[in-house]
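Hi,

Here is the structure I said I would pass on.

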Amino acid sequence: MAFPLPKPRLPLLAKLSSSPQLRKVFVVRSPTLYKRRQKPLFPLINAINTQMGLSVSGATITGRPAQRREGIETESDSISVLNERIRREQGKRELTRPVMDSEEADKYIQMVKEQQQKGLQKLKGNKEGKGGRDGSAFSYKADPYTLRSGDYVVHKKVGVGRFVGIKFDVQKGSSEPIEYVFIEYADGMAKLPVKQASRFLYRYNLPNESKRPRTLSKLSDTSVWEKRKIKGKVAIQKMVVDLMELYLHRLKQKRPPYPKSPAMAEFAAQFPYEPTVDQKQAFIDVERDLTERETPMDRLICGDVGFGKTEVALRAIFCVVSAGKQAMVLAPTIVLAKQHFDVISERFSKYPNIKVGLLSRFQTRAEKEEHLNMIRNGGLDIIVGTHSLLGSRVVYNNLGLLVVDEEQRFGVKQKEKIASFKTSVDVLTLSATPIPRTLYLALTGFRDASLISTPPPERVPIRTHLSASGKEKVIAAIKYELDRGGQVFYVLPRIKGLEEVMDFLEQSFPDIDIAIAHGKQYSKQLEDTMERFAQGEIKILICTNIVESGLDIQNANTIIIQDVQQFGLAQLYQLRGRVGRADKEAHAYLFYPDKSLLSEQALERLAALEECRELGQGFQLAERDMGIRGFGTIFGEQQTGDVGNVGVDLFFEMLFESLSKVDEHCIVSVPYQSVQIDININPRLPSEYINYLENPMEIINEAEEAAENDIWSLMQFTENLRRQYGKEPYSMEILLKKLYVRRMAADLGITRLYASGKMVGMRTKMSKKVFKLITDSMTSDVYRNTLVFEGDQIKAELLLELPREQLLNWIFQCLAELHASLPALIKY
């Protein structure tokens, strides 16, 4: 079969982003023969070789037999494998993300260390006395005296085992008995003095619901454990670099600081309460972010319900809107969005020039269209709504601030959309129990956080009653609240069962107004029900967790939660916070069907909720939730597995260690043109292939330019070349590999590649610590065990002296392995 006639040429790199229709034009129908053009053969072979800077005195490589061309669409050659890895790693990353120069990197690394110290300070403040027995300092290590028999633990040097207990025993050659920790491993029992154990032991928590490790480690063979630890360390390094690049991307975005004005003080003076110490600090933090910094704000305000987070948001909104920008307030439910709209409308009622709008499913199509036009034209200054505000139809005129309430209630896609805003606008996140990822970022210092943990003076703790369910208990709790003139929330995990509870309560309280509320009701019906409950007409509201966030009913001071085991810890904490908003003592009744039916995780969740009865413990509860509920998709699937390898506590300690040594894991790339390849290899392309290429010299130039640009461009070029002309002959593959070798060497800071007999040498600028991290990351033992680092060189001793094309292939594969470790390094 013949190839189609040559098509009008477009630059290969431009074609990659072209339409699917255009790609079809360049499909090669047969890879077996290259159709000759009718014009005379142009003598390009030597010109091409010269253009590539290859020695003419070396070995000559011609095209391989035609059989090599058969079935190329399915052939997985080493270039394809490398391209797939590059696409997988970099395709998901923002290609616009900046690369640091050395001066910028040094400055930024210092900032990271400062951020880490802030995070560590928060940890110390929130986990005071939870480290060693004396409570002197924060530590992720486990106190052996707090462990229970059967708990899974991690010994830093040996691995995962099961804690058996602490017993007195006499050491050899001594008559004095000392305490020993006994830990069971896969192949025996370990006995460690308590003092020694406390330096190396960690609790084993997993980033998923399972509490059991896959296997226990072996005392006789710690190599498997070492590999697991190294895997975790590399995963951490990749996380740190990703966070740094994202953070740097945000720092590179500039906006003028917002002006300070007397009007801000006047607006603040309208707050009817005396702010607590924590509130004042949060006000200061946010004001500094907006008025003294040129980079967009990304701050978490973490505080219990009713502790004043909304006031912090209102002041931020006023600052931004006064400067002529728009503010968006994003709430997870329409009930909460409506409440925010009412609060904001009332607070801004003295400012007729500031227009507030609510975008919700309660509106008619005409009302929605009108609001969308007003947002686009700048007719609305403050826009309140649910996730519909993140839709493609909502076009902002001049968005300056995004306020996100209860981020954990949004789905994955919405969270991704929220994250995309963070590089261009100021973002303020409000949460009583932040999602693990948010909490994690705050703890590591990569995200600014203000904690409001001091309750307002008039608030009293909510009395929490946890027990098996019973009709008499329910009736007694409701009667107590109604007798003192209050209202009651009755919450179920699902819509199914609401009617049944309604029948039971109507029989028990025939003269009391009772209503049902859930998210699938008609908009008007739900709105009317919530309005009547807020006004005090409805005394008992039977509902789902639609009331979880933000509903502020001063007179509702009893909440009954049925089937409590089906709620998450953060959900229960939020639901409990619906009551106790006034100075009246509030009650939360948590009912479960039968304790014997509850899972270990459910029991642990309930115990945590019982412990966190005091006000202002949402942050600590979120930390407990991380251990109990797991990290979810905090690290992504791959890295979640790596956390599971070592357990959460050791992972976090390794993370902090990695952050403190962040400057040791930098790699300095070198200019592409400065890389020397001292291997004489001269690929001569078949004349059929040269004739088939529409403009061989231009293609060679493009290849060189792509390689000089970056590895992503070279990958795009190669794939486009194959898309247009089919799989290249073997000699062209060698030529491409030489480009890849030079590009990868430049990225790795390698300035010269050479061979002498069986020895391959690479002169490099990388440090020994970077080399160790890279080789630790390598998946292939073949290359890892071959490479040694000496002075300023990486050397490999091969078993025998290879022919030159095989040698190039070996170097290509070796560099591809080394290059795969780059995501774990800070590049500049």
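Predicted model: local features only at pLDDT ≥ 70, side-chain atom pairs only at ≥ 80, totals over all residues.

The protein has 828 residues, and 55% of them count as buried. You will find 29 helices and 27 strands in it. If you take the contacts with a separation of 6 or more, 79% of them are between residues 24 or more positions apart.

**A helix pair**

The crossing of H25 past H26 is left-handed.

Which residues in H25 and H26 meet? From H25 you have Ile 711, Leu 714, Met 715, Phe 717, Thr 718 and Leu 721. On the H26 side they meet Met 732, Leu 736, Leu 739, Tyr 740, Arg 743, Met 744 and Asp 747. By type, the residues of this contact between H25 and H26 come out as 10 nonpolar, 1 polar and 2 charged.

Next, go to helix H10 (residues 309-322). H10 is largely enclosed by the rest of the structure, because 12 of its 14 residues are buried. The buried ones in H10 are Lys 309, Glu 311, Val 312, Ala 313, Leu 314, Arg 315, Ala 316, Ile 317, Phe 318, Cys 319, Val 320 and Val 321. After H10 comes Gly 324, with a positive phi near 90°.

Helix H11 (residues 334-347) also has 14 residues. From first C-alpha to last, H11 reaches 20 Å, close to the 20 Å expected at 1.5 Å a residue. Its buried residues are Ile 334, Val 335, Leu 336, Ala 337, Gln 339, His 340, Ile 344 and Arg 347.

Gln 237 sits in helix H7 (residues 223-252). Is Gln 237 buried or exposed? Its relative accessible area is 2%, so Gln 237 is buried. Not counting residues up to four places away in sequence, Gln 237 touches Ser 658, His 665, Leu 773, Pro 823 and Ala 824.

Ala 142 has its place in the loop between helix H5 (102-126) and strand S2 (152-155). With a relative accessible area of 7%, Ala 142 is buried too. What is Ala 142 in contact with, leaving aside its neighbours within four places in sequence? The residues are Leu 147, Ser 198, Leu 201, Tyr 202 and Arg 203.

Last, find Phe 489 in strand S15 (residues 487-491). Phe 489 counts as buried because its relative accessibility is 0%. Phe 489 and Arg 578 are 89 residues apart along the chain, and their C-alpha atoms are separated by 8.5 Å.

That's everything from me for now.

Cheers

Technical notes
Residues numbered from 1 in each chain as written. Heavy atoms only, no water. Left-handed = near helix turned anticlockwise from the far one by under 90°. Helix = DSSP H or I, 4+ residues; strand = E, 2+ residues; numbered from the N terminus. Contact = heavy atoms within 4.5 Å. Nonpolar A, V, L, I, M, F, W, Y, C, P; charged D, E, K, R; others polar. Buried < 20%, exposed > 50% of the residue type's maximum accessible area, 1.4 Å probe, protein only. Expected span 1.5 Å × (residues − 1).
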